[in-house]
Amino acid sequence: MIMNKPLPIALGMAIILTGCAGTTVEPGHTRAWTDGSWPMLDSSCDRGMRYAIDREASQVLVRVDPDGPMARFGHSHVIGGPVIGGAVCFGRAEGPAWIDLSIDVAALQVDRPTWRRSHGLEPELAEQTIEGTRENLLGQRVLDVHNHPAIEIRAVGMTGPGWLPEIDVHLKIRDQVRKRRLAVVVDHNPGRLVARGMFRLDQSDFGLQPFS
């Protein structure tokens, strides 16, 4: 993505998505999602502080785990790919700082063997299972790709050290916006910014109906 000859950013994001509320959350990821409004961006971010997402070098991975009393009959899946684009404003401590990202829902891939292996899951699934999972994911009951082609992520303002800032993340899935505070690991070098973050959410946080 080219926007006023921006600097590249490589972004890694991991999301753990569960079927319904009540899952035990790892230490460091216990903050709850709350209702939020979609924030505005500070347009004063100058060229030297603006980074464009390097989509080929950036990846979103979502591990989806079943939950609830019937969880043992379900399957875990890993969904994602180089599907994220957008821009980041990151520079002087006193200057504006924001993140504006978009995930291309239609481009999401499901259960690549290397992803499953890296998450400790059986690497190979039947093609019919993979296609059925993707069809359900993109369908009207879950992400509804035809009416909501993108998942959007936006954050304004950062606190803490530049290498480990905390940000207030606003996540929009379908027409639902939720927010929470999230720590991000940042490697900031001249001309390049690499950021990694991880969070957990339940489908029910966003009014999605898990498949039984």
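Author: Let's begin with a term: buried means under 20% relative accessible area, exposed means over 50%, and partly exposed is in between (1.4 Å probe, protein chains only). The model is predicted, with local features needing pLDDT of at least 70 and side-chain atom pairs counting only at pLDDT 80 or more, while totals for chains, interfaces and linings use all residues. Residues are numbered from 1 along each chain as its sequence is written, and side-chain values use heavy atoms, leaving out hydrogens and water.

Reader: OK, is Trp33 buried or exposed?
Author: Trp33 has a relative accessibility of 12%. The cut-off for the inside category is under 20%. Therefore Trp33 counts as buried.

Reader: How many aromatic pairs does the structure hold?
Author: Rings of Phe, Tyr and Trp (its six-membered ring) pair if their centres lie within 6.5 Å; planes under 30 degrees apart are stacked, over 60 edge-to-face, and the rest tilted. With that rule, the number of aromatic pairs in the structure is two.

Reader: How many residues apart in sequence are the parts that Trp33 and Phe199 tie together?
Author: These two rings pair edge-to-face, 5.4 Å centre to centre and with 75° between the planes. Strands here are DSSP runs (E, at least two residues), helices are H or I runs of at least four, and both are numbered from the N terminus. Trp33 is in the loop between strand S1 (7-18) and strand S2 (34-35) while Phe199 is in strand S13, so the pair ties together parts whose separation in sequence is 166 residues.

Reader: And what is the angle between the planes of Trp33 and Phe206?
Author: Phe206 is buried too, at 2% relative accessibility. Ring pairs link Trp33, Phe199 and Phe206 into a cluster. The Trp33–Phe206 pair is edge-to-face, with 5.9 Å centre to centre and an angle between the planes of 65°.

Reader: Which residue has its charged end over the ring of Trp33?
Author: A charge sits over a ring if NZ of Lys or CZ of Arg is within 6 Å of the ring centre and within 35 degrees of the ring normal. At 5.9 Å from the centre of the Trp33 ring, the residue is Arg180.

Reader: Which residues touch the most other members of the largest nonpolar core?
Author: A nonpolar core is a set of buried Ala, Val, Leu, Ile, Met, Phe, Trp, Tyr and Cys residues joined through side-chain atoms within 4.5 Å. The largest one has 39 residues. Among the elements giving it two or more residues are strand S7 (98-104), helix H2 (127-138) and strand S10 (166-173). The members touching the most others are Ile103, Leu108, Leu143 and Leu171.

Reader: Is Asp175 buried or exposed?
Author: Asp175 is in the loop between S10 and strand S11 (176-183). Its relative accessibility is 56%, so Asp175 counts as exposed.
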